[in-house]
Amino acid sequence: MARPLFATIDSSALAHNLDVVRRHAPRSRVTAVIKANAYGHGLERAAAALQAADGFGLIEIDSAVRLRAAGYRQPIVLLEGIFDAGELPVLARHGLSTVVHDMAQVEMLAGLAGNAKIDVLLKANTGMNRLGLSAQEFPGALDRLRRNPRIGSITLMTHFASADEARGVEWQLQILQQLPGAPELPKSLANSAAVLRHPQTHADWVRPGIMLYGCSPFAGRTGVEDGLRPAMTLESRIIAVQSLKAGDTVGYGGVFQAARAMRIGIVACGYADGYPRHAPSGTPIGVEGKPTGTVGRVSMDMLCVDLSEIPQARAGSRVVLWGEDVPVERVAEAAGTVGYQLLCAVAPRVRIVER
């Protein structure tokens, strides 16, 4: 028998969440972001569920080639661009698009040989200060790309630093609108938070990521509140039950001490599976459909859960780590991180079940 830990991926939830994107941005085309193995959901699996998207965005060129080999013909864009001029023939051969975020990449594209054309997204740094051309560099880069006969379409791109926060996006939009040549270019601007909260950013293309997987981009909020459905449910089983008396401790370091008599369940899941080691006692978890909390430190392969109010729980009882009825956002909040990290961090040894 296999270890009773697995992640169920619900393809219908992915398709539903794409529909939510379209309801929010009905006049925009959708680049579905499936980088990082589709946020831990599986590249080919997610692409199949999201095949109605107008395009795909990812980081890894080998993943882009895999999608082409699987028959996907919509635009596929490399969101960090190329890292070496040697990648250009691969882009040309497979019809891939690329982000251009610095002058070195403009130079690389000038050396593209043959008759093929490459579509580009010219990324402007409007305040994120991560990737993107400065206001001073942007006009020159745009001019050089326009004069390069090997360049096809040019789309203006930027990334919002605080679309999910009170500061919003207007300060970056103002910078964007002042860039010479920017107003007439088609645009790809909105991430998940902007799709949901800032309709003025929707433009020609939107680039949803986390919302496609049913997770909210907003602190203190769950995707369900925005009509999304979680696409991943991580579940396991209780493999042992212990009875504690007042004063007993649990796990490494004895950081949890029972204040009263209680029952705890031992769950086949730990930090080697991707569960956050730093999750404190009380982190939300579900047993037999009932909400409860974790107890003590998370171990490499196991964690403990309070069964005191779930008398029917026993060895073999179903445990939901996150997903159905246990929002990954709430688990992440308790652990001081974000849902993105938990979804992306599910370990390869965790079995995947498709639904």
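How many nonpolar, polar and charged residues does the lining of the second largest pocket have?

What you see is a predicted model, in which local features need pLDDT of at least 70 and side-chain atom pairs count only at pLDDT 80 or more, while totals for chains, interfaces and linings use all residues. Residues are numbered from 1 along each chain as its sequence is written, and side-chain values use heavy atoms, with hydrogens and water left out.

Let me start with the whole protein. Its secondary structure comes to 11 helices and 18 strands, taken as DSSP runs numbered from the N terminus, with helices being H or I of at least four residues and strands being E of at least two. Of the 355 residues, 53% are buried, where buried means under 20% relative accessible area, exposed over 50% and partly exposed in between, with a 1.4 Å probe and protein chains only. Among contacts between residues at least 6 apart in sequence, 65% join residues at least 24 apart, a contact being heavy atoms within 4.5 Å.

Now to the pockets. Rolling a probe the size of a water molecule over the atoms shows where empty space is left. Here a pocket is an open set of points on a 1 Å grid over the protein atoms alone, where a 1.4 Å probe fits and protein lies on both sides within 12 Å along at least five of seven lines, and lining residues have an atom within 4 Å of a point. A volume is the space filled by probe spheres set on the points, which are joined across faces, edges and corners.

The largest pocket holds about 790 Å³ of space. It is lined by 37 residues, and the closest to its centre are Lys 35, Tyr 39, His 159, Asn 191 and Tyr 340. Helices H2 (35-40), H9 (192-197), H10 (328-335) and H11 (339-344) are the elements that give two or more residues to this lining. By class, the lining divides into 20 nonpolar, eight polar and nine charged residues, with Ala, Val, Leu, Ile, Met, Phe, Trp, Tyr, Cys and Pro counted as nonpolar, Asp, Glu, Lys and Arg as charged, and the others, Gly among them, as polar.

The second largest pocket holds about 300 Å³. Its lining has 21 residues, and Pro 75, Ser 97, Leu 121, Thr 155 and Trp 205 are the closest to its centre. To return to my opening question, this lining has eight nonpolar, eight polar and five charged residues. Strand E6 supplies the largest share, three residues.

Let me go back to Tyr 39. A search of the whole structure finds four aromatic pairs, meaning rings of Phe, Tyr and Trp (its six-membered ring) with centres within 6.5 Å, stacked if the planes are under 30 degrees apart, edge-to-face if over 60, and tilted otherwise. Tyr 39 and Tyr 213 are stacked, at 4.6 Å centre to centre and 20 degrees between the planes. Because Tyr 39 lies in helix H2 and Tyr 213 in the loop between strands E9 (205-206) and E10 (232-244), the pair ties together parts that are 174 residues apart in sequence. Tyr 39 is buried, at 7% relative accessibility, as is Tyr 213, at 2%. Ring pairs also link these two with Tyr 340 in a cluster.

Asn 37, found in helix H2, has a positive phi of about 55 degrees although it is not a glycine, and Asn 37 is partly exposed at 42% relative accessibility. Ala 38, placed in helix H2, likewise has a positive phi of about 55 degrees without being a glycine, but Ala 38 is buried, at 0%.
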